[in-house]
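Please load the model in your viewer and keep a selection panel to hand. The tour below moves from one whole chain to the contact between chains and then to single residues.

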Number of protein chains: 2
Amino acid sequence: MKLASLKDGSRDGKLVVVNDQLTYCTDATHIAPTLQSALDRWVRVRPKLELIAESLSHEAVPATRFHEHDALSPLPRAYQWADGSAYLNHVELVRKARGAEMPESFRTDPLIYQGGSDAFLAPRDPIAVADAAFGADMEGEIAVITGDVRMGATLEQARDAILLVMLVNDVSLRGLIPDELGKGFGFFQSKPSSAFSPVAVTPESLGDAWDGGKLHLPLHVDLNGNAFGRANSGVDMAFDFPQLIAHAAKTRALTAGTIIGSGTVSNRGDSGPGKPVADGGAGYSCIAEQRMIETLQTGTPKTPFLQFGDSVRIEMLDKTGHSVFGAIEQTVEQAVKV
Amino acid sequence: MKLASLKDGSRDGKLVVVNDQLTYCTDATHIAPTLQSALDRWVRVRPKLELIAESLSHEAVPATRFHEHDALSPLPRAYQWADGSAYLNHVELVRKARGAEMPESFRTDPLIYQGGSDAFLAPRDPIAVADAAFGADMEGEIAVITGDVRMGATLEQARDAILLVMLVNDVSLRGLIPDELGKGFGFFQSKPSSAFSPVAVTPESLGDAWDGGKLHLPLHVDLNGNAFGRANSGVDMAFDFPQLIAHAAKTRALTAGTIIGSGTVSNRGDSGPGKPVADGGAGYSCIAEQRMIETLQTGTPKTPFLQFGDSVRIEMLDKTGHSVFGAIEQTVEQAVKV
């Protein structure tokens with residue numbers, strides 16, 4: 001089953017069920033007006049939504065064309081957005097870029113940061129940045145939406161709490177990160193609003209690509225129309241989603257509608273820190289990694305961070321070449337002065 | 001005007017208007033079912049709620065007794081909880097306790113951390129902690145709820161966005177903080193669910209005590225029935241709420257219902273780092289500061305962090321001795337194994 005929140009002038013959008021091909025959708029607001037309200041009562045609501053999805057696939061309900069640009073992020077605002085860093089190749093590279101070593105404990109203790117969740121961008125919204133010197137960068141990631149998770153949940157409980165899967169562009173302002181992390185309290189200004197894929201899908205609808213903890217497909221990240229990353233999200237993920245969820249729930253409960261991110265998808269490849277797509281590698285899901293590779297190779301980063309007018313596209317295709325979640329596609333714009 | 005969210009079995013509670021004395025309340029769900037829904041449409045909803053408040057004060061609407069223990073936190077779950085550290089005396093003391101100096105830039109650049117907002121405790125809920133070694137501590141703070149704030153908002157726009165004021169106990173697990181901050185991405189497990197005061201009040205209802213940016217009243221923090229802190233929240237606040245809001249909105253918009261915290265209220269006093277209440281000082285709004293003072297005086301902290309069975313009460317009284325927000329009163333309990 002695939003779900004989306006269509007723009008209707010409200011803060012949360014209106015819930016629709018989308019067909020597997022992402023071509024048609026049908027209203028589900030009589031079941032639950034918004035995705036959050038569906039998640040709040042998921043056990044009762046889900047069977048009704050599944051029935052609609054089944055009817056939609058048989059053209060047995062009124063359907064309208066589904067346009068990805070009409071979608072908000074599945075949860076346009078959420079109560080919890082906790083983003084992991086499960087691909088240690090990314091962590092190692094980004095730390096190296098800052099001249100820092102990755103502590104050995106990172107291999108056993110997941111790294112998660114508390115993100116802001118009140119104002120997500122729609123998947124086709126521009127990324128508005130006040131100053132090009134902020135060094136805007138994309139981070140292509142996988143994210144799951146959970147049901148209620150109790151404090152101290154086991155890995156099995158955490159696994160059972162995964163209700164939906166989607167993609168995210170965790171926009172980062174690299175130029176602001178060193179000073180902000182130096183203050184010791186984590187990210188705030190350096191992690192502006194993220195954008196999510198047009199649809200969120202149930203794990204079951206992912207078939208063999210979902211193993212209960214990881215999603216095994218290449219993440220397509222394009223920069224200005226060129227292939228930038230093709231890293232497989234099932235490869236080199238040191239902590240799977242149940243581990244990330246259990247870590248987040250160690251000292252607190254998590255409420256239905258919690259979003260947990262994987263961190264930037266990154267593959268090491270056979271030897272070392274991976275290779276750009278142009279060199280036959282899996283490439284990268286953010287510019288910072290590519291810059292680090294360039295620095296390692298030539299002493300100087302070559303690829304600039306996102307410039308005004310640059311476009312980023314993040315999408316995942318299944319084995320038959322169909323888009324699973326629709327595409328995040330964003331252009332970087334200068335923020336208007338207020 | 002004073003507002004509360006009463007327990008009714010739902011996730012967000014039901015909105016009531018409470019009288020100034022916190023003795024009676026009246027249903028407001030025909031205006032807006034929940035506080036978040038009122039905040040989403042504040043300009044239209046507020047005049048209607050004010051009319052109810054006026055009628056309540058004249059006993060012109062059906063009223064029921066208001067019991068603080070029937071209240072959830074005003075926003076039982078919120079989309080954004082950003083907590084400042086505006087009282088630099090607290091920052092200096094807590095850093096000293098970790099053997100770290102406070103950077104000079106902290107006097108001009110506000111410190112804010114991104115908190116988790118999906119599962120706030122009710123004001124009388126126990127604080128469940130899995131392990132006493134986690135070193136649970138209270139942090140008594142002031143918080144404001146904002147309307148929509150645009151990216152890059154000016155100080156004046158930030159000031160105008162302040163809709164409601166309340167108290168918060170920002171529960172902290174001191175034993176987990178050093179390792180977690182050492183990972184570089186800020187708090188997560190070390191900042192479990194916070195609790196807010198039973199009512200949230202409009203700035204106008206605070207009279208002279210509210211100057212548009214700060215609240216000028218002593219914050220009463222009691223530990224096991226004994227006066228622990230009486231620091232005035234209008235004193236030594238290096239950044240006022242408009243400054244904290246503008247800082248939070250520098251690279252992103254903030255959505256209606258955003259909660260911004262002051263950080264632990266802390267007064268330096270005439271000379272140096274303040275004094276315990278027992279020594280005639282204003283005391284402290286968290287145990288960590290008291291322990292630091294003990295360490296400075298004797299080389300060893302004496303007061304333990306919160307033990308199972310300890311109770312914390314946080315309240316603010318106006319000049320006539322009446323409770324402004326009702327009391328946060330929480331007992332520390334061992335979390336049940338799942």
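Helices (H or I, at least four residues) and strands (E, at least two) are taken here as DSSP runs, numbered from the N terminus. The model is predicted, and local features need pLDDT of at least 70, side-chain atom pairs count only at pLDDT 80 or more, while totals for chains, interfaces and linings use all residues. Residues are numbered from 1 along each chain as its sequence is written, chains are lettered from A and ligands numbered from 1 in the order in which they are written, and side-chain values use heavy atoms, with hydrogens and water left out.

Select chain A and colour by secondary structure: seven helices and 18 strands make up its assignment. The C-alpha trace spans about 60 × 45 × 45 Å along its principal axes. The radius of gyration of chain A (over C-alpha atoms) is 19 Å, which agrees with the value near 20 Å that a compact globule of 338 residues would have, the globule rule being 2.2 Å times the number of residues to the power 0.38. Of these 338 residues, 61% count as buried, where buried means under 20% relative accessible area, exposed over 50%, and partly exposed in between (1.4 Å probe, protein chains only).

Next, show chain A and chain B together. How many residues does the contact take from each chain? It takes 56 from chain A and 56 from chain B, contact meaning heavy atoms within 4.5 Å. About 5100 Å² is buried between the two chains, with carbon and sulfur atoms giving 54%; buried area is the accessible area (1.4 Å probe) that two parts lose on being put together, summed over both. On the chain A side, select A:Tyr79, A:Phe185 and A:Phe188, which lose the most area to chain B, together 19% of what that side buries.

Now centre on A:Thr146, in strand 9 (residues 140-146) of chain A. A:Thr146 counts as buried because its relative accessibility is 0%. Leaving aside neighbours within four places in sequence, its contacts include A:Ala161, A:Leu163, A:Ile245 and A:Ile260.

Finally, go to chain B for two residues other than glycine with positive phi. B:Leu22, with phi of about 65°, lies in the loop between strand 2 (14-18) and strand 3 (24-27). B:Glu59, with phi near 55°, is in the loop between helix 2 (42-57) and strand 4 (64-65). Are they buried or exposed? B:Leu22 is buried, at 7% relative accessible area, whereas B:Glu59 counts as exposed, at 75%.
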